[in-house]
Amino acid sequence: MLLSLAHFENDGKTEAVLSELSQEALSKMIGTTGSRVSFFMNRFRKRGYIDYSGEVHGRSSLRTVLPHD
């Protein structure tokens, strides 16, 4: 879901700002609890996939989370 929201498809961007994204909104989008979203957001932040301090900044390294076709 974060990749879709960041629009990283093929435009070569290295970072995308997802400023209007709350953990509650994301949990509703993917059908899970806020605590699970918080868990994974913290994990993604620690691994350098996102920056999260008021705004979510998705980094291009987030693409490596998914297997390639």
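Modeller: Let's open with K28, which counts as exposed because its relative accessibility is 65%. The scale runs like this: buried is under 20% relative accessible area, exposed is over 50%, and partly exposed is in between, using a 1.4 Å probe and protein chains only.

Biologist: Before I go on, what sort of model is this?

Modeller: It's a predicted model, where local features need pLDDT of at least 70 and side-chain atom pairs count only at pLDDT 80 or more, while totals for chains, interfaces and linings use all residues. Residues are numbered from 1 along each chain as its sequence is written, and side-chain values use heavy atoms, with hydrogens and water left out.

Biologist: How many helices and strands does the chain have?

Modeller: Helices (H or I, at least four residues) and strands (E, at least two) are DSSP runs, numbered from the N terminus. Here you get three helices and three strands, and reading along the sequence gives α-β-α-α-β-β. Of the 69 residues, 26% count as buried.

Biologist: Back to K28. Which side chain does K28 meet in a salt bridge?

Modeller: The rule for a salt bridge is a side-chain nitrogen of Lys or Arg within 4 Å of a carboxyl oxygen of Asp or Glu. By that rule the count is one, and the partner of K28 is E24, at 3.5 Å from N to O. Both sit in helix α2 (residues 23–30), four residues apart, about one turn of the helix. E24 counts as exposed too, because its relative accessibility is 52%.

Biologist: How is a pair of aromatic rings described?

Modeller: By the distance of the centres and the angle of the planes. In practice, rings of Phe, Tyr and Trp (its six-membered ring) pair if their centres lie within 6.5 Å; planes under 30 degrees apart are stacked, over 60 edge-to-face, and the rest tilted. This chain has three aromatic pairs. One of them is F39 with F40: the centres are 4.9 Å apart and the planes stand at 90°, so the pair is edge-to-face.

Biologist: And what about F40 and F44?

Modeller: Those ring centres are 6.4 Å apart with the planes at 55°, so this pair is tilted. F40 and F44 both lie in helix α3 (residues 34–46), four residues apart, about one turn of the helix. F40 is partly exposed at 34% relative accessibility, whereas F44 is buried at 17%. F39 counts as partly exposed at 36%.

Biologist: Which residues make the largest nonpolar core?

Modeller: General idea: in soluble globular proteins, nonpolar side chains tend to be buried together. A nonpolar core here is a set of buried Ala, Val, Leu, Ile, Met, Phe, Trp, Tyr and Cys residues joined through side-chain atoms within 4.5 Å. The largest one has ten residues: L2, L21, L26, V37, M41, F44, Y49, I50, V56 and L62. Helix α3 supplies the largest share, three residues.

Biologist: What does Y49 touch?

Modeller: Contact means heavy atoms within 4.5 Å. Not counting residues up to four places away in sequence, Y49 touches F44, H57, G58, R59, S61, L62, T64 and V65. For the whole chain, take contacts between residues at least 6 apart in sequence: 43% of them join residues at least 24 apart.

Biologist: Last one, the surface. Which residues make a nonpolar surface patch?

Modeller: Patches use residues with over 30% relative accessible area and no salt bridge; like charges are joined within 9 Å, nonpolar side chains (Val, Leu, Ile, Met, Phe, Trp, Tyr) within 5 Å. M1, M29 and I30 make one of about 280 Å². Accessible areas come from the Shrake-Rupley method with a 1.4 Å probe, and for residues only the protein chains shown count as cover. M29 lies in helix α2 and is partly exposed at 43%. I30 is in that helix α2 as well, partly exposed at 45%. I30 and M1 are 29 residues apart in sequence but 7.3 Å apart in space, C-alpha to C-alpha. Leaving aside neighbours within four places, I30 is in contact with M1 and V37. The chain exposes about 4,700 Å², and carbon and sulfur atoms supply 50% of it.
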